[in-house]
Amino acid sequence: MKKFCAALTVCLFAVGASYAADEVKSGLAVGEGPVPAFNVRDITGPSKGKTLCYRCQYGSRPVVTVFTRELNDNVKDLVAKIDAKVGANKDKKMAAFVVVMTEDPDAVEPKIEALAKDAKITSTPLTIVEGQVGPPNYKLSKD
């Protein structure tokens, strides 16, 4: 039994090490800064229809930025939770925005609007940036 447990532990460690080696690294490292500016097209926020830099607009406020290539239930749930926190912490100047990275912004725009309506997103602008890799200075993985 002890040999079996030892073998199982070694197998689990090897699987874990293998998984860690395949881990995708994406985005800026903790403490890496300053956070670069970039423009997005606002789809649902207060600047709907305009191109602007939310990162610039929010300045040094605490900000959550979500980058995504998909609009699925996981994204909808995450954004809804973030939106609730942002709405509850307006007095602390908390802010957030979502950046959908896409090669076809016009096709994705109605899907973004539907997600915002369905999830009742009111405090978090949903935006688009053209391309699958997002802002180049953010070092987002294509994977």
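Biologist: Is Arg-41 buried, partly exposed or exposed?
Modeller: In this predicted model, Arg-41 has a relative accessible area of 24%. Buried would need a value under 20%, and exposed a value over 50%. The value for Arg-41 lies in between, so the residue counts as partly exposed.

Biologist: With which residue does Arg-41 form a salt bridge, its closest N and O atoms being 2.8 Å apart?
Modeller: A salt bridge needs a side-chain nitrogen of Lys or Arg within 4 Å of a carboxyl oxygen of Asp or Glu. Arg-41 meets this at 2.8 Å, and the partner is Glu-109.

Biologist: How many residues apart in sequence are the parts that Arg-41 and Glu-109 tie together?
Modeller: Arg-41 is in strand S1, residues 40–42. Glu-109 is in helix H4, residues 105–119. The pair therefore ties together parts whose separation in sequence is 68 residues.

Biologist: What class of accessibility does Glu-109 have?
Modeller: The limits are under 20% for buried and over 50% for exposed. Glu-109 has 23% relative accessibility, so the class is partly exposed.

Biologist: What are the accessibility classes of Lys-48 and Glu-113?
Modeller: Lys-48 has 52% relative accessibility, so this residue counts as exposed. Glu-113 has 31%, so its class is partly exposed.

Biologist: Which helices are linked by the salt bridge between Lys-76 and Asp-118?
Modeller: The closest N and O atoms of Lys-76 and Asp-118 are 2.6 Å apart. The two residues are 42 residues apart in the chain, with Lys-76 in residues 73–88. The helices are H3, which holds Lys-76, and H4, which holds Asp-118.

Biologist: Which element gives the largest share of the largest nonpolar core?
Modeller: The core has 17 residues, and those touching the most other members include Val-79, Ile-82, Val-98 and Ile-112. At least two residues come from each of H3, strand S4 (95–102), H4 and strand S5 (126–130). The largest share is five residues, and they come from H4.

Biologist: Which element gives the largest share of the lining of the largest pocket?
Modeller: The pocket has a volume of about 180 Å³. Its lining has 13 residues, with Val-35, Arg-55, Val-63, Thr-65 and Tyr-138 nearest the centre. Helix H2 (54–58) and strand S3 (63–68) are the elements that give two or more residues. The largest share, four residues, belongs to S3.

Biologist: How many residues of that pocket lining are nonpolar?
Modeller: The lining includes two polar and two charged residues. The nonpolar ones number nine.

Biologist: Which handedness does the disulfide of Cys-53 and Cys-56 have?
Modeller: A disulfide is a covalent bond between the sulfur atoms of two cysteines. A search of the whole structure finds one, and in it the sulfur atoms of Cys-53 and Cys-56 are 2.4 Å apart. The torsion about the S-S bond is about 75 degrees, so the disulfide is right-handed.

Biologist: Are Cys-53 and Cys-56 buried, partly exposed or exposed?
Modeller: Cys-53 has 11% relative accessibility, so this cysteine counts as buried. Cys-56 has 40%, so this cysteine counts as partly exposed.

Biologist: What distance separates the C-alpha atoms of Glu-103 and Gln-132?
Modeller: Glu-103 is in the loop between S4 and H4. With a relative accessible area of 52%, Glu-103 is exposed. Glu-103 and Gln-132 are 29 residues apart along the chain, and their C-alpha atoms are separated by 6.3 Å.

Biologist: What pattern does the protein follow along the sequence?
Modeller: The protein has four helices and five strands. Read along the sequence, they give the pattern α-β-β-α-β-α-β-α-β.

Methods: Residues numbered from 1 in each chain as written. Predicted model: local features only at pLDDT ≥ 70, side-chain atom pairs only at ≥ 80, totals over all residues. Heavy atoms only, no water. 1 Å grid on protein atoms, 1.4 Å probe; cavity = no way out; pocket = protein on both sides within 12 Å on 5 of 7 lines; lining within 4 Å. Points joined across faces, edges and corners; volume = space filled by probe spheres on them. Nonpolar A, V, L, I, M, F, W, Y, C, P; charged D, E, K, R; others polar. Disulfide = S-S within 2.5 Å. Buried < 20%, exposed > 50% of the residue type's maximum accessible area, 1.4 Å probe, protein only. Core = buried A, V, L, I, M, F, W, Y, C linked by side-chain atoms within 4.5 Å.
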